[in-house]
Amino acid sequence: MNLYSNKQKWKIVLLVIALIMVAASLWVSNSTVQKVSDRERLRAKQWADAIKKKAELVEFTDRAFRQLRGYERRKIKLYLDATKEISKEPENLNCFPDYHFPISIIDENKDIPVILVDDQNQISSYTNIDFDTADLRPLYPEASRKELIRKYEDSLLALTTVWEKKHVPFRIEVVKGLTMTSFYTDTKRTIQLEKERDSLITAFNSELINDSKLIPVVLMDKHKDSLISSNLPKEKTSPKNLAKTLHSLELVNEPIQISFGGDEVNLLYFDNSAELKQLQFFPYIQFLIIGLFIFIGYLLFSTFRKAEQNQVWAGMAKETAHQLGTPLSSLMAWVQLLETQDVDQSIIAEMQKDIERLDTVSQRFSKIGSETRLTQSDIRITVQAVMDYLRPRISQKVEMTAHFTNEPVMVSHNKSLMEWVMENIIRNAVDAMESKGKLDVTIKVVPERVYIEISDTGKGLLPKQFKSIFEPGYTTKKRGWGLGLSLVKRIVSEYHKGKVYVVHSEVGKGTTIRVSLPLK
């Protein structure tokens, strides 16, 4: 069973599930953002409709006030005509004219304030003015009544100057040679209605148009020449910065066309709220945080798993070394017995070599999990010893060649463990060649490192297998545990602070594996 392949399949399945979960989370979040965006877009349109209603309200009230003032002006004109009629001298002194109708017209004016001023700028008469000379008495306690009347008339003359700015006065010839100027102003009812209108518009502005919670909006005419309304600061909608502001808003949201009736079409520019901008980044922040937690969790579990693996490796290795100790002692005793017998000494010598080899293997296993002692020695001797041992024990059809430098290559290493590394790599290379081919072992010295390269002419590897072959449980053999090269990587990287990797490989042509060790 290929444990590594199953692990890879589970990784892919879990990755797909994680991606589906992330995609679902992003979809839900983006859907929520879109709903909030649509709601803000609707609020922006409602704001534009409010501007439209305000414009209609202002236009309607202005029209109503124009009509009311027109009515009041006609009423004043009629009042003055009636006054003029009463002021005329009767044509027939024997027949006194009927003044009932003009008097009734004059009496009917009970609300429009009027002041008549003669040619000498003296007050002739006035009506519907809420002011009396008694009001001046607290200001001028020592003044006579005549002086109070004069001050009162001075104040009325001052009023005419104010009224003249608002309403054009009438000039009438009361009698021949006598011209009067009639000044008038709005009635109390009209003034009160204006105040109520202004109060209504102010409340309308503060509650809806100037709502601080509303998103930034700018309403322009269709030609982008005239600013209709906006809730942005004045400096952003000034003539100098308006074009820049519109461009920035247009990059965020496409302007909405708002019809105010007829052919009048306006453009509504709007920005996203600060909350929506934050919400748009929330899915990615959420994904980042989740990913960070998953990554930290993976690191923790991976660390624990590796620690457990190390304990298992160390326990199995020490147990193996312990189990090998008993048969080794027995074999040594049998060899000593054979040496006293009439047995071919060459056979005994080969048996002795195998016993020494088993003893070496036992020492290797006993060192797993323990503090490894490295000694500075010639790496060429260590590698050559492995090649010499394996040469008679592998197929004679495998041509094994060493390419070493002439100078000693001093490297800090554990001789027993490094021999194990070389033996595992060479045996794997021989298996890949199916016991027939060429195997070259090369030692190169580069700045600060030494390379040991093992090249074979075997089956070769696919690029995706370059790292997989060093994983525990990975094997291409029908019978095998996939632990040899995994053990090589552990010894080289953890005990010797080096690296082992595939330098080059082609399917059907062979593979080159490099062991890189630091010189110091």
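A polar contact is a pair of N or O atoms within 3.5 Å, and within protein one atom must be able to donate a hydrogen and the other to accept it. In this predicted model, the side chains of R514 and E453 form such a contact at 2.5 Å. The chain has 520 residues, of which 35% count as buried, and it contains 10 helices and 15 strands. Of the contacts between residues at least 6 apart in sequence, 65% join residues at least 24 apart.

- R514 belongs to strand β15, which covers residues 510-518.
- With a relative accessible area of 15%, R514 is buried, because the cut-off for that class is under 20%.
- Beyond its neighbours within four places in sequence, R514 is in contact with Y451, I452, E453, K499, V500, Y501 and V503.
- The E453 in that list is the residue whose side chain makes the 2.5 Å polar contact with the side chain of R514.

- Seven bridges link β13 to β15 in an antiparallel pairing, and I452 has V515 of β15 as its bridge partner.
- Strand β12 (residues 437-446) also runs antiparallel to β13, joined by eight bridges; here V441 stands opposite I454 of β13.
- Two residues lie between the strands in the hairpin of β12 and β13, where E448 takes a positive phi near 70°.

**The four-stranded sheet**

- Four strands form an open sheet in the order β6-β5-β8-β7, with antiparallel pairing.
- The edges are β6 (227-230) and β7 (256-259); each has a single partner strand, so one side of each lacks a neighbour in the sheet.
- On average, neighbouring strands of this sheet are turned by 25° against each other, direction ignored.
- Within the sheet, β5 (residues 217-221) pairs with β8 (residues 265-270) in the antiparallel sense over five bridges, and M220 stands opposite L267 in β8.

- Helix α9 (residues 415-432) has 18 residues and spans 26 Å from its first C-alpha to its last, close to the 26 Å expected at 1.5 Å a residue.
- Most of α9 is covered, with 13 of its 18 residues buried.
- The N-terminal end of α9 is capped by N414, which has a side-chain oxygen 3.3 Å from the backbone nitrogen of S416.
- Two packed helices are described by the angle between their axes and the distance between the axes.
- For α9 and α10 (residues 484-496) the angle is about 150° and the axes are 9 Å apart, and α9 passes α10 in a left-handed crossing.
- On the α9 side the contact is made by L417, M418, W420, V421, N424, I425 and N428, and on the α10 side by G484, L485, L487, V488, I491, V492, Y495 and H496.

**T185 in a loop**

- T185 sits in the loop between β4 (178-184) and α4 (188-209).
- The relative accessible area of T185 is 12%, and the residue is buried.
- Not counting residues up to four places away in sequence, T185 touches I112, P113, W163 and H167.

Methods
Residues numbered from 1 in each chain as written. Predicted model: local features only at pLDDT ≥ 70, side-chain atom pairs only at ≥ 80, totals over all residues. Heavy atoms only, no water. Pairing = 2+ DSSP bridges. Axes fitted to C-alpha atoms, helices over the stretch in contact; angles between N-to-C directions. Expected span 1.5 Å × (residues − 1). Buried < 20%, exposed > 50% of the residue type's maximum accessible area, 1.4 Å probe, protein only. Contact = heavy atoms within 4.5 Å. Left-handed = near helix turned anticlockwise from the far one by under 90°.
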